[in-house]
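Thanks for coming. I will talk through one structure this morning, so please look at the screen.

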Amino acid sequence: MSTERRNKIYGGRTAFIDLLFNVLIGFVFMFILAFLLINPISKKKDIEEKAEYVITMTWPKHLDDDLDLWLETPDNKIVYFKNREQPMAHLDRDDLGHRTDKIQTSTGEFITFLDNKERITIRGVTRGEYTVAVHYYSNHRSGDHTDEESNAKQYMEGFPVEVLIEKLNPYAVVDKHMIKFRYEGQMETYIRFTLDAEGNVSDWNRAPKDLMKKDAEIQGRVLSNQYLNGNSQTNGGVSIP
Ligand SMILES: [Ca+2]
Ligand SMILES: [Ca+2]
């Protein structure tokens with residue numbers, strides 16, 4: 001074989017290997033690109049799928065009163081404004097009445113959008129009992145002595161507080177229940193429902209359960225543990241609203 005022909009063959013092979021290598025790099029690049037494009041979508045889907053139940057409390061928009069939504073989960077955790085994030089559920093925001101109804105627009109201007117609503121999302125279902133309760137934390141008008149008449153009227157008539165429980169996968173309304181509230185400190189159990197292993201409601205009732213007392217017991221245990229561990233920098237004790 002002549003030197004010229006050998007160079008031609010080897011040169012051709014080298015060019016072919018270069019081509020194969022470039023194609024391979026191209027495939028690897030496209031695979032990485034496809035993976036990066038697909039991955040955020042699958043993550044977003046994971047988050048969406050983790051919302052299994054949504055509990056929404058609403059009270060009349062014109063009232064400047066602070067009500068709080070409470071949820072006890074089967075793992076003995078209580079979600080409410082002081083404990084917004086728990087492993088199984090979270091409270092989106094603490095609505096304080098009209099104080100939290102100011103919204104800043106993109107131009108920096110503040111506008112008032114009256115809305116009295118709190119929402120707890122249950123991210124994953126665990127078998128066991130869930131208790132939903134509402135606490136009337138404060139009436140912002142109570143310090144206004146000129147408004148005593150309307151406060152007395154409210155005490156007599158009460159105002160409606162509604163709790164809606166929705167199951168998302170597949171969608172279904174689990175419960176919609178209204179109770180009238182009349183005075184600060186009033187706390188009402190709305191529903192106690194039990195989920196089975198598949199995440200379906202297998203039982204429910206409206207028997208009262210004192211979540212505030214239970215929360216104090218939980219906090220007491222935490223404080224005891226801190227004390228036993230020699231940590232004196234506690235919050236000074238249990239604060240029950
Ligand atoms: Ca609140
Ligand atoms: Ca509000």
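First, the ground rules. This is a predicted model, in which local features need pLDDT of at least 70 and side-chain atom pairs count only at pLDDT 80 or more, while totals for chains, interfaces and linings use all residues. Residues are numbered from 1 along each chain as its sequence is written, and chains are lettered from A and ligands numbered from 1 in the order in which they are written.

The protein chain has 3 helices and 12 strands. Of the 241 residues in the protein chain, 16% are buried. Buried here means 20 or more other C-beta atoms within 10 Å of the residue's own, exposed means 12 or fewer, and partly exposed is in between, with C-beta atoms placed from the backbone. Among contacts in the protein chain with a separation of 6 or more, 62% are between residues 24 or more positions apart. A contact is two C-beta atoms, placed from the backbone, within 7 Å.

Now the sheets. One open sheet has 5 strands in the order β4-β7-β1-β9-β10, with antiparallel pairing. Pairing requires at least two bridges found by DSSP between the strands. At the edges stand β4 and β10, each with a single partner strand, so one side of each has no neighbour in the sheet. Neighbouring strands here are turned by 15° against each other on average, direction ignored; the axes are lines fitted to C-alpha atoms, for helices over the stretch in contact, and angles run from 0 to 180 degrees between N-to-C directions.

Within that sheet, follow β9. On one pairing, β1 and β9 run antiparallel over 6 bridges, and Ile55 has Ile165 in β9 as its bridge partner. On another, β9 meets β10, residues 171-181, in the antiparallel sense over 10 bridges. There Ile165 stands opposite Asp175, and Leu164 is bridged to Lys176. β9 and β10 form a hairpin with 2 residues between them. Pro170 sits in that loop, and the peptide bond joining Asn169 to Pro170 is cis, with omega about -5°.

The other open sheet also has 5 strands, in the order β3-β2-β8-β11-β12, and its pairing is antiparallel. Its edge strands are β3 and β12 (201-205), each pairing on one side only. β11 and β12 pair over 4 bridges, and Thr194 has Asp203 in β12 as bridge partner.

What about the core? The largest nonpolar core has 27 residues, and Ile55, Leu69, Trp70, Leu71, Val132 and Val134 have the most contacts inside it. By nonpolar core I mean a set of buried Ala, Val, Leu, Ile, Met, Phe, Trp, Tyr and Cys residues joined through C-beta atoms within 7 Å. Elements giving two or more residues to this core include β1 (53-58), β2 (65-72), β8 (128-139) and β9 (159-168). Which element gives the largest share of this core? That is β8, with 5 residues. Leu71, leaving aside neighbours within four places in sequence, is in contact with Ile55, Val79, Ala89, Ile120, Tyr130 and Val132.

Next, Tyr80, in the loop between β3 and β4. Is Tyr80 buried or exposed? Tyr80 counts as buried because it has 24 C-beta neighbours inside 10 Å. Beyond four places in sequence, Tyr80 is in contact with Asp68, Leu69, Trp70 and Leu91. Tyr80 and Glu118 are 38 residues apart in sequence, and their C-alpha atoms are 9.8 Å apart.

Last, some backbone details. Most residues other than glycine have a negative phi, and most peptide bonds are trans. Asn76, which is not a glycine, has a positive phi of about 65°. Asn76 lies in the loop between β2 and β3 and is exposed, with 10 other C-beta atoms within 10 Å. Helix α2, residues 148-157, has 0 of its 10 residues buried, so it lies largely in the open. Just after α2 comes Gly158, with a positive phi of about 75°.

That is where I will stop.
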